[in-house]
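Good morning, and thank you for coming. I would like to walk you through one protein model, beginning with the whole chain and then turning to its parts.

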Amino acid sequence: MLIKLLTLAGWAGLTMVAVTANAQSPVYIESQKVLENFGKQGGNPLVPGEAYRVQTDRRTANGNIEIHEKETDIFYVMDGSATLIAGGTAVEPKATRPGQMTAKDIMNGQTYNLKKGDIVVIPAGQPHWFKQVNGFINYLTIKSVHP
């Protein structure tokens, strides 16, 4: 199976964030700054980069189907819960901008009931959709960008 779901309770204290492709040294982001970044709207970059990016995301509503041609998404749920549909076949996909698509539906996708501490890895090219957000969900997104 291309999508793996893990629960890592010990990872909740995450304070170090990755190194960008162009950085000469590690990048450290203090936990309070990470938590404060969830209060901002939309995807909020913590570590920008070309090979990968790290951002915080907060959802309070259901999402749209997304397909990233060159980006693998790694979500770590910090708080809240949601139902995510991932994998399967996108129905009537259409480009929204270069390398990004949306779709009308997902057929034969896997359903994940995400909660605090869960990780889900969505390989590039796989459709995914936050179908049901239960109040809110805060998650750290690590995007691995393929050339």
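Let me begin with burial: of the 147 residues in this protein, 39% are buried. Please keep in mind that the model is a predicted one. Its accessible surface comes to about 8100 Å², and carbon and sulfur atoms account for 53% of that area.

Next, the secondary structure. The protein has one helix and 12 strands.

Where do the residues of the largest nonpolar core come from? This core has 13 residues, and F75, L84, L114, V120, I122, F130 and I137 are those with the most contacts inside it. Strand 5 (71–86), strand 10 (110–115), strand 11 (118–122) and strand 12 (128–145) each supply at least two of its residues. Strand 5 gives the largest share, namely five residues. There is also a second, separate core of 10 residues, among them F38, L46, I119 and L140. As general background, nonpolar side chains in soluble globular proteins tend to be buried together.

Three strands form an open sheet in the order 4-8-7, with antiparallel pairing. Strand 4 (67–68) and strand 7 (94–97) are its edge strands, each pairing on one side only. Strand 4 is joined by two bridges to strand 8, residues 100–102. Within strand 8, Q100 stands opposite H68.

Thank you for your attention.

Notes: Residues are numbered from 1 along each chain as its sequence is written. This is a predicted model: local features need pLDDT of at least 70, side-chain atom pairs count only at pLDDT 80 or more; totals for chains, interfaces and linings use all residues. Side-chain values use heavy atoms; hydrogens and water are left out. A nonpolar core is a set of buried Ala, Val, Leu, Ile, Met, Phe, Trp, Tyr and Cys residues joined through side-chain atoms within 4.5 Å. Buried means under 20% relative accessible area, exposed over 50%, partly exposed in between (1.4 Å probe, protein chains only). Helices (H or I, at least four residues) and strands (E, at least two) are DSSP runs, numbered from the N terminus. Two strands pair if DSSP finds at least two bridges between them. Accessible areas come from the Shrake-Rupley method with a 1.4 Å probe; for residues, only the protein chains shown count as cover.
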